[in-house]
Amino acid sequence: MATMRDIAEAVGVSMTTVSNVVHGNLDRVSPQTVARIREAIEQMHYVPNMSARALVSNSSRIIAYVDTHSPQETYAGNGFAGVLLSGLEGVVTDHGYFLMMRRGTDEAVLKLMLNNWNPDGVIFKDCVPLSLVQFVRKLGKPCVTINTYFDAPDLIQVRADDRRGGRIATEHLLALGHRQILFIGAVHRGFMNNDQRYLGHCDALRAAGIEPREENLITSLHPFGAERGIALGRCLAQQVRESRFTGICVSGDQYAAAVLAGLREGGVRVPEEVSVVGFDDADIARMCYPPLTTVRQDGIGKGRRAAEALFELIAGKSPDPADFTLPVELVVRQTTAEARA
């Protein structure tokens, strides 16, 4: 394996000059020399020693991404989480950093991991405990969260306008004449974005003169599994036939797609007998049958905004925490229709 000394000898420059190019200090080296060194690096397959680089620069070049979803839930089963990660990873790579990811909910394990990695910054997603965020900040590490609603005015919290999303989904069903509406989501389980969507759902019901009913809230799909969602859909099919409800709001397209499959297996027609609205506008919303009416949020944009905010903090800047709530919009497809008489 080629070393920095090999590159210096091949180009005929000092190791300090090669080091400046490797570490991005290009204002100290002429453009012609930079080009020659980069050509030698490519030809000789030189790979910088990251441990040595970290010691010199006091930077690990690592961004830690901690997703506190249960490890039982796969990214393959949650397309939106993968989309968000793609947006985040693109920004991290563009900045010349490495993304290290960990999933889990054990706070002691996560603290040990963060100490061992020594990341330059940390991004938390979903039901992270505030104590873990405070731990990272006490270490002097910049920190950003995704999908949280902490009472922490100086913390960058990147999220969709979840409460408005829950409200417009329910308002859509109400406008179609639905009055008995279920809400399915990971409510009261630490997922603050789901809690906000449910609050928006309740806002819409109360504005229409309908008091939310506890029996119309279903939280049993967490942690999510396709078979569990399909089984719930089959169970709900019987309730549709008994006219217990005519509309369903689901806090996630992967949940909604599974419920749709179960309803269909149970012999219920969507939207003729029951209308369904999802949340996210993940790819599966367009691929399921019928194509899913849903609330769109920008997954790529959410991931990018979180990473961009973190790099601003790393650079010593102070982005306004109020600027990180992203818009949502209703996308009407073929799973909603007027309530049956």
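The accessible surface of this protein comes to about 15,800 Å², and carbon and sulfur atoms hold 50% of that area. Keep in mind that you're looking at a predicted model. Of its 341 residues, 52% count as buried. As for its outline, the C-alpha trace spans about 85 × 40 × 30 Å along the principal axes.

What is the chain built from? There are 13 helices and 12 strands. Take the contacts with a separation of 6 or more: 69% of them are between residues 24 or more positions apart.

Now for the charges. The protein carries 36 positive and 39 negative side chains, and the centres of these two sets lie 1 Å apart.

Let's zoom in on helix 5, which covers residues 79-94. Why does its length make sense? At 1.5 Å a residue, its 16 residues should span 22 Å, and the end C-alpha atoms sit 23 Å apart, so the two values agree.

Which residues of helix 5 are buried? They are Phe80, Ala81, Leu84, Leu85, Gly87, Leu88, Gly90, Val91 and Val92.

Notes
Residues numbered from 1 in each chain as written. Predicted model: local features only at pLDDT ≥ 70, side-chain atom pairs only at ≥ 80, totals over all residues. Heavy atoms only, no water. Helix = DSSP H or I, 4+ residues; strand = E, 2+ residues; numbered from the N terminus. Buried < 20%, exposed > 50% of the residue type's maximum accessible area, 1.4 Å probe, protein only. Contact = heavy atoms within 4.5 Å. Areas by Shrake-Rupley, 256 points an atom, 1.4 Å probe, with all protein chains shown as cover. Lys, Arg positive; Asp, Glu negative; His and termini not counted. Charge placed at Lys NZ, Arg CZ, Asp CG, Glu CD. Expected span 1.5 Å × (residues − 1).
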